[in-house]
Amino acid sequence: MRQRRLGQGLRVSAQGLGCMGMSEFYGQADEAESLATIAAALDAGVTFLDTADMYGPFVNEELVGRAIATRRDEVVLATKFGNMRGEDGSFLGVNGQPDYVKACCDASLRRLGVDVIDLYYQHRVDRTVPVEETWGAMKELVDAGKVRHLGISEASAGTIRRAHAVHPVTALQSEYSLWTRDPEDGVLDTCRELGIGFVAYSPLGRGFLTTADAGRTGGDPKDFRTYNPRWKGDNGAANQALVDRVTTLATAKGVTTAQLALAWVLSRGDDVVPIPGTKRRTWLTENIAADDIVLSADECAALEAAVPRDAVVGERYPSGSMSTING
């Protein structure tokens, strides 16, 4: 697989692998298949792995740690802190206090079984703590050799600038896909002005921009799409009509819906790196093939006409979670 460069010279595979769903949020976990999927990703040159302490909670980092134990040198390893979870899985809010930052990093290093984290993100911005204080603690982690690069997730342009003034930001990670175009409202421009890479999570709309049926009808209490506003009721039906248009264009090009949607994200620029999440080798193989798809300007325009920004119905998250976005 080709590589791309994020900020501060960090080179990663053109696609990464989001590991969250291997432990939580997307239905029943299958550890053996998840480990095999990570191994297959590394074999194929997908070396940019993404996890977070909150996934599981906590156990996703352990899973990734086991998967890379004998292949650490092949991996650009990214994890995150800031979303507090209890051992029972409860959500306890967002924390950007300096002492919490340092404790989280040490805990992630233990769970991952590594000496250093390649890219450490502030997962969500704590609006009660000046970002300069949080990033001051993160800078100390770099100075101590525990972290190589720093990133931030779902932050506003103003917050990105403030963080970058404390220590260079290597990557912003935010949701970006054909049906989530929010970063185009100034955030992408800010990243490019400052030389910051963009890591696009959920580039397949949490699986909606595919032909898979998983989660379409909801009902699985372990699948958070059951509660996602874009998947429910009339919203789901309206959004499915948009996906059907993408499928028509994909069929005409001889690729799958998911591959075309991923190719569009890849076409946004060499500083944009999608990290589609999957826990199965079948979908991994399909996603990887999108790296070879070249879209013309006309094809990109047709996709954007098929899924206009204002046509997508529903918020990205339930209302409580939306309050932590664009911090």
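Residues are numbered from 1 along each chain as its sequence is written, and side-chain values use heavy atoms, with hydrogens and water left out. Because the model is predicted, local features need pLDDT of at least 70 and side-chain atom pairs count only at pLDDT 80 or more, while totals for chains, interfaces and linings use all residues.

**Exercise 1.** Determine whether the residues of strand 10 (residues 171-175) are buried or exposed.

*Solution.* Begin with the terms: strands (E, at least two residues) and helices (H or I, at least four) are DSSP runs numbered from the N terminus, and buried means under 20% relative accessible area, exposed over 50%, partly exposed in between, with a 1.4 Å probe and protein chains only. In a regular strand the side chains alternate between the two faces of the sheet. Next, take each face in turn: A171, Q173 and E175 are buried on one side, and L172 and S174 are buried on the other. Five of the five residues are therefore buried, so strand 10 is largely enclosed by the rest of the structure.

**Exercise 2.** Find which strands pair with strand 10.

*Solution.* Two strands pair if DSSP finds at least two bridges between them. Strand 9 (residues 147-153) pairs with strand 10 in the parallel sense over three bridges, and G151 stands opposite A171. Strand 11 (residues 197-201) also runs parallel to strand 10, joined by five bridges, with Q173 opposite V199.

**Exercise 3.** Classify the aromatic pair formed by Y176 and F198.

*Solution.* Rings of Phe, Tyr and Trp (its six-membered ring) pair if their centres lie within 6.5 Å, and planes under 30 degrees apart count as stacked, over 60 as edge-to-face and the rest as tilted. The structure holds five aromatic pairs. In this one the centres are 5.5 Å apart with 75° between the planes, which makes the pair edge-to-face. Both Y176 and F198 are buried, and together with W264 they form one aromatic cluster.
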